[in-house]
Amino acid sequence: MAVDVAQQMGLTDAFLIASAGSERQVVSVVDEIEDVLTQQLTLDVIRREGKAGGRWVLLDYGHFVVHVQHEEERVFYALDRLWKDAPLVDLGLADGVAVDEGGSAVDPDEGQRDWTPSRDQD
């Protein structure tokens, strides 16, 4: 799930929250995210935390932050519930992928937001 946190936080625009069933899977998901964003969008992670433990990894890309949590951490910390009032970001995922019902819908009149960081960041 992806949540637009721009109005609530001044540090980033969006959180992407994902989970996996084991530490090894968490690390694999993180590796794949980094590889795809680096190769396809030439985005480099600004800060990475938690990869050694494999329970909750945070990837900070500036305009958005990716949280990949072990399923147990996701239930315990409940980021989905914490950000339930923030607008969801449509990820354009294929049908059949469930989206948590806790968040509010993104206003379609706002148009599409560009979540890609500009290359000329300070």
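Accessible areas come from the Shrake-Rupley method with a 1.4 Å probe.

**Figure 1. The whole protein and its surface.** This is a predicted model. The accessible surface of the protein comes to about 8000 Å². Carbon and sulfur atoms hold 49% of that surface. The protein has 122 residues, and 35% of them count as buried.

**Figure 2. The elements in chain order.** The protein contains 3 helices and 5 strands. Starting at the N terminus, the elements follow the pattern β-β-α-β-β-β-α-α. Now take the contacts between residues at least 6 apart in sequence: 54% of these join residues at least 24 apart.

**Figure 3. The sheet.** The 5 strands of this sheet lie in the order E1-E2-E5-E4-E3. The sheet is open, and its pairing is mixed. Strand E1 (2-4) and strand E3 (47-49) are the edge strands. Each of these two pairs on one side only. From one strand to the next, the twist averages 15°.

**Figure 4. Strand E1 beside strand E2.** Strand E2 covers residues 14-20. E1 and E2 run antiparallel, joined by 3 bridges.

Notes: Residues are numbered from 1 along each chain as its sequence is written. This is a predicted model: local features need pLDDT of at least 70, side-chain atom pairs count only at pLDDT 80 or more; totals for chains, interfaces and linings use all residues. Side-chain values use heavy atoms; hydrogens and water are left out. Two strands pair if DSSP finds at least two bridges between them. Helices (H or I, at least four residues) and strands (E, at least two) are DSSP runs, numbered from the N terminus. Axes are lines fitted to C-alpha atoms, for helices over the stretch in contact, and angles run from 0 to 180 degrees between N-to-C directions. Buried means under 20% relative accessible area, exposed over 50%, partly exposed in between (1.4 Å probe, protein chains only). Contact means heavy atoms within 4.5 Å.
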